[in-house]
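Reader: I am new to this structure and would like to learn how to read it, one feature at a time. Could we look at it together?

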Amino acid sequence: MESQVWIKLSHVNRSFGTQQVLHDISMQIPRQQICGLLGPSGSGKTTLVKLIAGIDTASQGTVHVMGEKMPQFQMLSKLGYMAQSDALYNELSALDNLIFFGELYGLRGKPLRARIEEVMSLVNLSEHLHKKIHQYSGGMKRRLSLAISLLHSPSLLILDEPTVGIDPILRKSIWKELNRLCTEEGVTILVTTHVMDEATHCDLLGFLRAGHLTAFGSPQELMQKADSDSIEEAFLIFGNGGNAS
(Lines give C-alpha, C1' and ligand atoms only; values in the text may rest on other atoms or scores of the structure.)
Protein backbone atom coordinates (compact mmCIF):
# COMPACT_ATOMS: atom_id res chain seq x y z
CA MET A 1 0.00 0.00 0.00
CA GLU A 2 1.17 3.52 -0.83
CA SER A 3 0.54 4.68 2.75
CA GLN A 4 3.08 2.15 3.96
CA VAL A 5 5.85 3.39 1.66
CA TRP A 6 8.16 5.34 3.99
CA ILE A 7 10.76 6.37 1.39
CA LYS A 8 10.03 6.85 -2.32
CA LEU A 9 12.51 8.04 -4.93
CA SER A 10 11.33 8.66 -8.48
CA HIS A 11 13.87 9.15 -11.30
CA VAL A 12 16.33 11.00 -9.06
CA ASN A 13 19.41 12.59 -10.58
CA ARG A 14 22.02 14.66 -8.77
CA SER A 15 24.74 16.67 -10.46
CA PHE A 16 27.44 18.96 -9.13
CA GLY A 17 28.34 21.26 -11.99
CA THR A 18 29.09 19.04 -14.97
CA GLN A 19 29.59 15.91 -12.83
CA GLN A 20 26.53 13.69 -12.51
CA VAL A 21 26.75 11.72 -9.26
CA LEU A 22 23.37 9.93 -9.29
CA HIS A 23 21.64 8.58 -12.40
CA ASP A 24 17.88 8.00 -12.55
CA ILE A 25 17.45 6.39 -9.12
CA SER A 26 13.99 4.99 -8.36
CA MET A 27 13.14 2.84 -5.35
CA GLN A 28 10.56 2.38 -2.60
CA ILE A 29 11.23 1.39 1.00
CA PRO A 30 8.24 0.27 3.08
CA ARG A 31 7.74 1.29 6.70
CA GLN A 32 9.37 -0.83 9.41
CA GLN A 33 12.12 -2.23 7.19
CA ILE A 34 15.91 -2.14 7.40
CA CYS A 35 17.36 -1.19 4.03
CA GLY A 36 21.08 -1.40 3.36
CA LEU A 37 22.86 0.54 0.63
CA LEU A 38 26.05 -1.14 -0.53
CA GLY A 39 28.66 0.05 -2.94
CA PRO A 40 32.32 0.98 -3.27
CA SER A 41 33.63 4.37 -2.20
CA GLY A 42 32.45 7.03 -4.62
CA SER A 43 29.40 5.07 -5.77
CA GLY A 44 26.96 7.76 -4.57
CA LYS A 45 25.69 6.28 -1.29
CA THR A 46 26.34 9.39 0.83
CA THR A 47 24.81 11.71 -1.78
CA LEU A 48 21.72 9.51 -1.90
CA VAL A 49 21.15 9.44 1.86
CA LYS A 50 21.64 13.21 2.05
CA LEU A 51 18.79 13.63 -0.43
CA ILE A 52 16.58 11.34 1.64
CA ALA A 53 17.51 13.15 4.85
CA GLY A 54 16.57 16.47 3.25
CA ILE A 55 19.95 18.13 3.60
CA ASP A 56 20.48 18.16 -0.16
CA THR A 57 18.15 18.59 -3.14
CA ALA A 58 17.85 16.44 -6.27
CA SER A 59 18.74 18.04 -9.59
CA GLN A 60 15.89 16.09 -11.17
CA GLY A 61 13.23 13.72 -9.88
CA THR A 62 11.47 13.60 -6.51
CA VAL A 63 12.16 12.29 -3.02
CA HIS A 64 9.26 11.62 -0.65
CA VAL A 65 9.65 10.60 3.00
CA MET A 66 6.57 9.58 4.98
CA GLY A 67 4.45 11.09 2.22
CA GLU A 68 6.19 14.49 2.33
CA LYS A 69 8.25 15.84 -0.55
CA MET A 70 11.81 16.50 0.54
CA PRO A 71 13.52 18.65 1.56
CA GLN A 72 11.04 19.64 4.26
CA PHE A 73 12.22 21.41 7.40
CA GLN A 74 9.42 20.07 9.59
CA MET A 75 10.53 16.50 8.84
CA LEU A 76 13.85 16.94 10.65
CA SER A 77 12.22 16.19 14.01
CA LYS A 78 11.06 12.80 12.67
CA LEU A 79 14.44 11.78 11.28
CA GLY A 80 17.57 10.58 12.96
CA TYR A 81 20.61 11.21 10.75
CA MET A 82 24.15 10.02 11.37
CA ALA A 83 26.56 11.49 8.84
CA GLN A 84 29.72 9.80 7.59
CA SER A 85 31.74 12.63 9.18
CA ASP A 86 31.10 13.18 12.88
CA ALA A 87 29.43 16.56 13.53
CA LEU A 88 30.56 17.02 17.12
CA TYR A 89 31.85 19.95 19.17
CA ASN A 90 35.36 18.86 20.11
CA GLU A 91 35.88 21.30 23.00
CA LEU A 92 32.65 20.22 24.71
CA SER A 93 32.04 17.06 26.69
CA ALA A 94 29.91 14.22 25.36
CA LEU A 95 27.18 15.27 27.81
CA ASP A 96 27.23 18.85 26.54
CA ASN A 97 26.97 17.60 22.95
CA LEU A 98 24.04 15.35 23.85
CA ILE A 99 22.23 18.14 25.68
CA PHE A 100 22.80 20.55 22.79
CA PHE A 101 21.43 18.17 20.14
CA GLY A 102 18.67 16.92 22.43
CA GLU A 103 17.41 20.47 22.98
CA LEU A 104 17.48 21.07 19.22
CA TYR A 105 14.99 18.20 19.00
CA GLY A 106 12.84 19.69 21.74
CA LEU A 107 13.94 17.46 24.62
CA ARG A 108 14.43 19.02 28.06
CA GLY A 109 15.00 18.15 31.69
CA LYS A 110 14.36 14.64 33.02
CA PRO A 111 13.15 13.13 29.72
CA LEU A 112 16.37 14.29 28.03
CA ARG A 113 18.56 12.99 30.87
CA ALA A 114 16.78 9.63 30.75
CA ARG A 115 17.32 9.33 26.99
CA ILE A 116 20.98 10.30 27.36
CA GLU A 117 21.47 7.46 29.84
CA GLU A 118 19.71 5.00 27.52
CA VAL A 119 21.58 5.84 24.32
CA MET A 120 24.98 6.10 26.00
CA SER A 121 24.45 2.69 27.56
CA LEU A 122 23.54 1.30 24.14
CA VAL A 123 26.82 2.48 22.59
CA ASN A 124 28.83 1.53 25.69
CA LEU A 125 30.00 5.07 26.46
CA SER A 126 28.34 5.73 29.82
CA GLU A 127 31.64 5.97 31.69
CA HIS A 128 32.93 8.54 29.16
CA LEU A 129 29.94 10.88 29.42
CA HIS A 130 31.92 13.78 30.91
CA LYS A 131 35.01 13.39 28.73
CA LYS A 132 35.78 16.09 26.15
CA ILE A 133 35.29 15.01 22.54
CA HIS A 134 38.91 15.77 21.60
CA GLN A 135 39.83 12.97 24.04
CA TYR A 136 37.64 10.48 22.18
CA SER A 137 39.04 7.98 19.69
CA GLY A 138 37.60 7.80 16.18
CA GLY A 139 35.49 4.78 17.08
CA MET A 140 34.14 6.48 20.20
CA LYS A 141 33.11 9.50 18.12
CA ARG A 142 31.19 7.21 15.76
CA ARG A 143 29.41 5.64 18.71
CA LEU A 144 28.52 9.04 20.17
CA SER A 145 27.20 10.20 16.79
CA LEU A 146 24.98 7.11 16.71
CA ALA A 147 23.74 7.88 20.23
CA ILE A 148 22.86 11.45 19.17
CA SER A 149 20.91 10.21 16.14
CA LEU A 150 18.79 8.02 18.45
CA LEU A 151 18.12 10.67 21.14
CA HIS A 152 14.69 11.84 19.97
CA SER A 153 13.33 8.36 19.10
CA PRO A 154 12.95 9.07 15.36
CA SER A 155 10.52 7.26 13.06
CA LEU A 156 13.20 7.05 10.37
CA LEU A 157 16.86 6.42 11.12
CA ILE A 158 19.42 7.22 8.41
CA LEU A 159 22.92 5.96 9.17
CA ASP A 160 25.90 6.58 6.88
CA GLU A 161 28.64 4.02 7.62
CA PRO A 162 27.65 3.80 11.33
CA THR A 163 29.96 0.97 12.38
CA VAL A 164 33.26 2.15 10.87
CA GLY A 165 35.95 1.87 13.54
CA ILE A 166 33.73 -0.06 15.95
CA ASP A 167 34.89 -3.42 17.29
CA PRO A 168 32.98 -6.57 16.21
CA ILE A 169 31.42 -7.25 19.63
CA LEU A 170 29.95 -3.76 19.94
CA ARG A 171 28.91 -3.82 16.28
CA LYS A 172 26.91 -6.95 17.00
CA SER A 173 25.14 -5.31 19.95
CA ILE A 174 24.36 -2.20 17.89
CA TRP A 175 22.80 -4.30 15.15
CA LYS A 176 20.79 -6.18 17.76
CA GLU A 177 19.39 -2.84 18.93
CA LEU A 178 18.69 -1.68 15.36
CA ASN A 179 16.74 -4.86 14.72
CA ARG A 180 14.81 -4.33 17.96
CA LEU A 181 14.00 -0.72 17.03
CA CYS A 182 12.65 -1.92 13.70
CA THR A 183 10.62 -4.91 14.87
CA GLU A 184 9.37 -3.64 18.25
CA GLU A 185 9.15 0.14 17.78
CA GLY A 186 8.39 0.33 14.07
CA VAL A 187 11.45 2.39 13.16
CA THR A 188 12.43 2.36 9.48
CA ILE A 189 16.20 2.22 9.07
CA LEU A 190 18.36 3.13 6.07
CA VAL A 191 22.03 2.28 6.46
CA THR A 192 25.07 2.46 4.19
CA THR A 193 27.81 -0.07 4.77
CA HIS A 194 30.86 -1.75 3.28
CA VAL A 195 30.60 -4.70 5.70
CA MET A 196 29.07 -7.68 3.96
CA ASP A 197 27.94 -9.49 7.10
CA GLU A 198 25.86 -6.44 8.00
CA ALA A 199 23.86 -6.97 4.82
CA THR A 200 22.40 -10.13 6.36
CA HIS A 201 20.60 -7.95 8.94
CA CYS A 202 18.75 -6.04 6.20
CA ASP A 203 15.28 -6.70 4.81
CA LEU A 204 16.16 -4.87 1.59
CA LEU A 205 19.43 -4.12 -0.18
CA GLY A 206 20.36 -1.62 -2.85
CA PHE A 207 23.63 -1.96 -4.76
CA LEU A 208 25.13 1.25 -6.13
CA ARG A 209 27.86 1.52 -8.74
CA ALA A 210 29.06 4.80 -10.26
CA GLY A 211 25.81 6.50 -9.27
CA HIS A 212 23.57 3.81 -10.75
CA LEU A 213 21.27 1.55 -8.74
CA THR A 214 22.30 -1.79 -10.23
CA ALA A 215 20.08 -3.95 -8.03
CA PHE A 216 17.37 -3.54 -5.39
CA GLY A 217 15.41 -6.14 -3.45
CA SER A 218 15.57 -8.58 -0.58
CA PRO A 219 18.84 -10.44 0.01
CA GLN A 220 17.17 -13.64 -1.19
CA GLU A 221 15.87 -11.98 -4.36
CA LEU A 222 19.25 -10.51 -5.20
CA MET A 223 21.09 -13.79 -4.66
CA GLN A 224 18.55 -15.47 -6.93
CA LYS A 225 18.92 -12.82 -9.65
CA ALA A 226 22.70 -13.11 -9.45
CA ASP A 227 22.51 -16.91 -9.35
CA SER A 228 24.80 -16.82 -6.31
CA ASP A 229 24.90 -18.48 -2.92
CA SER A 230 25.94 -15.41 -0.94
CA ILE A 231 25.47 -11.66 -0.73
CA GLU A 232 29.21 -11.26 -1.31
CA GLU A 233 28.96 -12.98 -4.68
CA ALA A 234 25.86 -10.99 -5.61
CA PHE A 235 27.61 -7.77 -4.64
CA LEU A 236 30.57 -8.61 -6.88
CA ILE A 237 28.24 -9.32 -9.80
CA PHE A 238 26.04 -6.24 -9.41
CA GLY A 239 28.95 -4.07 -8.33
CA ASN A 240 30.80 -4.85 -11.56
CA GLY A 241 28.15 -3.75 -13.97
CA GLY A 242 25.34 -6.24 -13.48
CA ASN A 243 21.84 -4.82 -13.28
CA ALA A 244 18.61 -5.52 -11.49
CA SER A 245 16.56 -6.46 -14.54
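Reader: Which residues does Arg14 touch, not counting residues up to four places away in sequence?

Author: Please keep in mind that this is a predicted model. Arg14 is found in strand 1, which covers residues 5-16, and, leaving aside residues up to four places away in sequence, Arg14 touches Gln19, Gln20, Val21, Leu22, Thr47, Leu51, Asp56, Thr57, Ala58 and Ser59.

Reader: Is Arg14 buried or exposed, and why?

Author: Buried means under 20% relative accessible area, and because Arg14 has 14% relative accessibility, Arg14 counts as buried.

Reader: In what order do the strands of the open sheet lie?

Author: The open sheet is formed by 4 strands in the order 2-1-4-5, and the pairing is antiparallel. Its edge strands are strand 2 and strand 5 (68-69), each of which pairs on one side only. Strand 4 (residues 60-65) pairs with strand 5 in the antiparallel sense over 2 bridges, and there His64 stands opposite Lys69 in strand 5.

Reader: How many bridges join strand 9 and strand 10?

Author: Strand 9 (residues 204-209) and strand 10 (residues 212-217) pair over 5 bridges in the antiparallel sense, with Leu208 standing opposite Leu213 in strand 10. The hairpin of these strands has 2 residues between them, and in it Ala210 takes a positive phi near 50°; Ala210 is also one of the residues that His23 touches.

Reader: How should I read the packing of two helices?

Author: Two packed helices are described by the angle between their axes and by the distance between the axes. Here helix 3 (residues 109-122) and helix 4 (residues 138-150) pack at an angle of about 140°, with their axes 9 Å apart, and the two helices are therefore oblique to each other. Helix 3 passes helix 4 in a right-handed crossing.

Reader: Which residues meet between helix 3 and helix 4?

Author: From helix 3, Arg115, Val119, Met120 and Leu122 meet Leu144, Ala147 and Leu150 in helix 4. Sorted by class, this contact has 6 nonpolar, no polar and 1 charged residues.

Definitions and conventions:
Residues are numbered from 1 along each chain as its sequence is written. This is a predicted model: local features need pLDDT of at least 70, side-chain atom pairs count only at pLDDT 80 or more; totals for chains, interfaces and linings use all residues. Side-chain values use heavy atoms; hydrogens and water are left out. Buried means under 20% relative accessible area, exposed over 50%, partly exposed in between (1.4 Å probe, protein chains only). Contact means heavy atoms within 4.5 Å. Axes are lines fitted to C-alpha atoms, for helices over the stretch in contact, and angles run from 0 to 180 degrees between N-to-C directions. Angles under 35 degrees count as roughly parallel, over 145 as roughly antiparallel, 65 to 115 as roughly perpendicular and the rest as oblique. A crossing is left-handed if the near helix is turned anticlockwise from the far one by less than a right angle, and right-handed if clockwise. Ala, Val, Leu, Ile, Met, Phe, Trp, Tyr, Cys and Pro count as nonpolar, Asp, Glu, Lys and Arg as charged, and the others, Gly among them, as polar. Two strands pair if DSSP finds at least two bridges between them.
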